[in-house]
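Me: I would like to learn how to read a few features of a model. Please give the general idea each time, then the case here.

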Amino acid sequence: MLTRQQIRECLDKMGEMFPAAHCELVHRNPFELLIAVVLSAQCTDALVNKVTKQLFEKYKTPEDYVSVPLEELQQDIRSIGLYRNKAKNIQKLCAMLIEQYNGQVPNDRDELMKLPGVGRKTANVVVSVAFGVPAIAVDTHVERVSKRLGFCRWKDSVLEVEETLMRKIPKEEWSITHHRMIFFGRYHCKAQAPKCDVCPLLDLCREGKKRMKQRGESVASTD
């Protein structure tokens, strides 16, 4: 496990690497962001943006989503994984927004988590990006980077990772750290081919050192 000082070094370096890190889901308002994040579960932001380009022209309000047959909405998002389930959840959450929130997206995480298809990660993204509420949403990239670097333990659950990061990172940096860790995981510390050999954090990274050692051994054994 890294010390707080080492974590600080990691965060500063990620900040240098990705100073413009941001939410890559294209949206114009909190409602569009909510729909985009729901669609992004187990799916790339790039594919979601491709689909929402047309989707957000056709559907602009919660009323628009509930006024069409479920099958039509399913067809509109068909290229996205789990589209049937997501279409169902989108119609249900839109109905709830109309009935309980006057058609507005709530700016509270616990209220958001009452909506169908909205888990803790989705709620954290929405409150952070749309409303500026400090939050760390632990997606697959944040979890991977946190565990590889040793911010937390390998066996930690997603919630434990979030709680550890919230403890070890200043609150005012939660939201920007979330974006920087995503960029770091998406473009540098990738799941399949992390760029350990050119990583500025290699000296601090237990996983990176192990990988480099294994690479060295495999190279040596083929000579």
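Reply: Start with the record: UniProt positions are given in the numbering used here, feature names are shortened, and annotations may be inferred rather than shown by experiment. The model is predicted, so local features need pLDDT of at least 70 and side-chain atom pairs count only at pLDDT 80 or more, while totals for chains, interfaces and linings use all residues. Residues are numbered from 1 along each chain as its sequence is written, and side-chain values use heavy atoms, with hydrogens and water left out.

Me: Which residues does the annotation "domain: HhH-GPD" cover?

Reply: According to the unreviewed UniProt entry, "domain: HhH-GPD" covers residues 39–187. Helices (H or I, at least four residues) and strands (E, at least two) are DSSP runs, numbered from the N terminus. Over residues 39–187 the chain is 64% helix and 0% strand, with the end C-alpha atoms 21 Å apart.

Me: At what angle do α1 and α11 pack?

Reply: Axes are lines fitted to C-alpha atoms, for helices over the stretch in contact, and angles run from 0 to 180 degrees between N-to-C directions. Angles under 35 degrees count as roughly parallel, over 145 as roughly antiparallel, 65 to 115 as roughly perpendicular and the rest as oblique. Helix α1 (residues 4–17) meets helix α11 (residues 174–187) at about 70°, with axes 9 Å apart; the pair is therefore roughly perpendicular. Contact means heavy atoms within 4.5 Å. Here Leu 11, Met 14, Gly 15 and Met 17 of α1 face Thr 177, Arg 180, Met 181 and Phe 184 of α11.

Me: How many residues of α11 are buried?

Reply: Buried means under 20% relative accessible area, exposed over 50%, partly exposed in between (1.4 Å probe, protein chains only). In α11, 10 of the 14 residues are buried, among them Trp 174, His 178 and Phe 183. The buried residues of α11 pack against α1, α8, α9 (140–149) and α10 (158–168).

Me: Is Ser 40 buried or exposed?

Reply: Ser 40 is buried, at 8% relative accessible area. Ser 40 sits in the loop between α2 (30–39) and α3 (45–58). Neighbours within four places in sequence aside, the contacts of Ser 40 include Leu 25, Val 48 and Lys 121.
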